[in-house]
Amino acid sequence: MTDRSPIVAINPGTFDPVTLGHVDVIRRAAATFDRVVVGVVREPTHKQTMFTVEERVAFLEDALAAIENVVVDVFSELVVDFARKHGARTMVKGLRVIADFEWEFQMNRLNHLLAPEIETMYVMSSPEFAFVSSSGVKEIASFGGNVGGLVTPAVAERFRELYPDGRPGAPLSPQE
């Protein structure tokens, strides 16, 4: 057996909140790499979070507790600097639909310009989670819908606390 450094990957995101799709991607990354650091963006600039960074971290730590080679950390620097800080040469990202690809392609090119030594690996969503998004889950929960099959029990419970009766009306389509 040779002595080698552990192969570390990061899985960055806002995780607002963590879904079972996120957990699936992280679990699969953990089976591939020696160590996976799940990076929670402290204050994302492209969207407003519903949950505090502390809540998002707690949800992740609860969801990933049984996976020994996964740790959760918070970051507020460039994702490539976060990867370097943890000695990661790979960033693992999940892909669900074509729209994910368009965004991830742009981010991949920018990150490559900043850190050509850090490779991005894409994990296709498992079919049962291909339609699950944090924003969709938040909308369902806000109207009192059951999100139990989409998120962890801790997240589902928090939604029940936030929206015990749901809000009246129907969700609006993007065209409205």
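Leaving aside neighbours within four places in sequence, Leu64 is in contact (heavy atoms within 4.5 Å) with Val23, Ile26, Val38, Val70 and Val72. This is a predicted model, in which local features need pLDDT of at least 70 and side-chain atom pairs count only at pLDDT 80 or more, while totals for chains, interfaces and linings use all residues. Residues are numbered from 1 along each chain as its sequence is written, and side-chain values use heavy atoms, with hydrogens and water left out. Helices (H or I, at least four residues) and strands (E, at least two) are DSSP runs, numbered from the N terminus.

**The sheet**

- An open sheet of five strands, paired in parallel, has the order β3-β2-β1-β4-β5, where two strands pair if DSSP finds at least two bridges between them.
- Because β3 and β5 stand at the edges with a single partner strand each, one side of each of them has no neighbour in the sheet.
- Neighbouring strands of the sheet are turned against each other by 30° on average, with direction ignored; axes here are lines fitted to C-alpha atoms, for helices over the stretch in contact, and angles run from 0 to 180 degrees between N-to-C directions.

- Strand β2 is largely enclosed by the rest of the structure, because six of its seven residues are buried (under 20% relative accessible area, with exposed meaning over 50% and partly exposed in between, using a 1.4 Å probe and protein chains only).
- Six bridges hold β1 and β2 in parallel pairing, and within this pair Ile10 stands opposite Val37 of β2.
- The chain passes from β1 through α1 to β2 in a right-handed β-α-β crossover, right-handed meaning that, with the strands pointing away from the viewer, the path from the first strand over the helix to the second runs clockwise.
- Strands β2 and β3 likewise run parallel and are joined by six bridges; Val36 stands opposite Val70 in β3, and Val40 has Val74 of β3 as its bridge partner.

- Strand β4, residues 90-95, is mostly covered, with five of its six residues buried.
- On one side, β4 runs parallel to β1 (residues 8-13) and is joined to it by two bridges, and Ile10 stands opposite Met91 of β4.
- Strand β4 also runs parallel to β5 (residues 119-124), to which six bridges join it, and Lys93 stands opposite Tyr122 of β5.
- Together with helix α4 (residues 98-114), β4 and β5 make a right-handed β-α-β unit, and α4 lies across both strands, running at about 165° to β4.

**Helix α2 and its packing**

- Helix α2 lies across β2 and β3 and runs at about 155° to β2.
- The axes of α2 and α6 come within 8 Å and cross at roughly 140°.

**Nonpolar cores**

- The largest nonpolar core has 34 residues, of which Val38, Leu60, Leu64, Val70 and Val147 touch the most other members; such a core is a set of buried Ala, Val, Leu, Ile, Met, Phe, Trp, Tyr and Cys residues joined through side-chain atoms within 4.5 Å.
- At least two residues of this core come from each of α1 (20-32), β2 (35-41), α2 (53-64), β3 (70-75), α5 (134-142) and α6 (153-162).
- Helix α2 gives the most to this core, supplying six residues.
- Another core of 13 residues lies apart from it, and Val37, Val41, Phe82 and Ala115 are among its members.

**Val23 in helix α1**

- Val23 belongs to helix α1 and, because its relative accessibility is 6%, counts as buried.
- Not counting residues up to four places away in sequence, Val23 touches Val18, Ala63, Leu64 and Thr152.
- The C-alpha atoms of Val23 and Phe33, which are 10 residues apart along the chain, are separated by 15 Å.
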